[in-house]
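Subject: Structure for you to look at

Hi,

Here is the structure I promised to pass on.

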Amino acid sequence: MYVIIGGTFDVDAADRDKFLKVVEAVTAPSRAEAGCVKYWFSASLENSNRFHLFECWKDQAALEEHFKTPHLLKFREDVGKLKLTRDITRFAGEEINI
């Protein structure tokens with residue numbers, strides 16, 4: 001069963017460039033993790049200070065390993081210094097053939 005993370009970050013305009021650098025630093029190493037199926041941030045088309053997050057992990061164990069990585073710990077530290085709000089939800093999913 002996959003673990004899917006989805007959500008939004010609404011970033012203060014003054015911190016937008018800092019947020020983008022933090023996102024850039026965490027994205028490539030997260031995508032390189034063995035248990036990562038998908039990992040990306042996307043800017044909203046309607047609001048230039050809103051960013052969408054989508055992650056898919058092969059299972060809960062892979063996500064737990066991700067939580068321990070230096071790049072994610074650094075991401076959490078750096079994001080904690082920025083003015084933003086976030087709304088993140090975790091889902092369970094399975095592959096279906098349509």
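Below is what turned up, starting with a helix and moving on to the charged side chains.

Keep in mind as you read that this is a predicted model.

Let's begin with α1, which runs over residues 16–31. This helix has 16 residues and reaches 22 Å from its first C-alpha to its last, close to the 22 Å expected at 1.5 Å a residue. Which of its residues are buried? They are Phe19, Val22, Val23, Val26, Thr27 and Ser30. Looking down the axis of α1, these buried residues fall within an arc of 135 degrees, so they line one face of the helix. That buried set packs against quite a list of elements: the strands β1 (2–11), β2, β3 (50–57) and β4 (84–93), plus the helices α2 (60–68) and α3. Turn to the face pointing away from the buried side and you find the exposed residues Asp17, Lys21, Glu24, Ala25 and Ala28.

Now for the salt bridges. The structure holds five of them, and I'll go through some here. Lys18 pairs with Asp15, with 3.8 Å between the closest N and O atoms. The Asp15 end of that pair is buried, at a relative accessible area of 8%.

Another one links Lys74 and Asp78, whose closest N and O atoms are 3.0 Å apart. These two sit four residues apart in helix α3 (residues 70–79), so about one helical turn separates them. Lys74 is partly exposed at 44% relative accessibility, whereas Asp78 is buried at 17%.

Glu77 also forms a salt bridge, with Lys81, and there the closest N and O atoms are 3.6 Å apart. Glu77 counts as partly exposed, with 45% relative accessibility, and Lys81 counts as exposed, with 59%.

Glu33 is buried yet has no salt bridge. How far away is the nearest side chain of opposite charge? That side chain belongs to Lys58, and it is 10 Å away. As for what Glu33 does touch, leaving aside neighbours within four places in sequence, its contacts are Trp57, Glu65, His66, Thr69 and His71.

Cheers

Conventions: Residues are numbered from 1 along each chain as its sequence is written. This is a predicted model: local features need pLDDT of at least 70, side-chain atom pairs count only at pLDDT 80 or more; totals for chains, interfaces and linings use all residues. Side-chain values use heavy atoms; hydrogens and water are left out. Buried means under 20% relative accessible area, exposed over 50%, partly exposed in between (1.4 Å probe, protein chains only). Lys and Arg count as positive and Asp and Glu as negative; His and the chain ends are not counted. A salt bridge is a side-chain nitrogen of Lys or Arg within 4 Å of a carboxyl oxygen of Asp or Glu. Contact means heavy atoms within 4.5 Å. The expected span of a helix is 1.5 Å times one less than its number of residues. The arc is that of the directions from the helix axis to the C-beta atoms.
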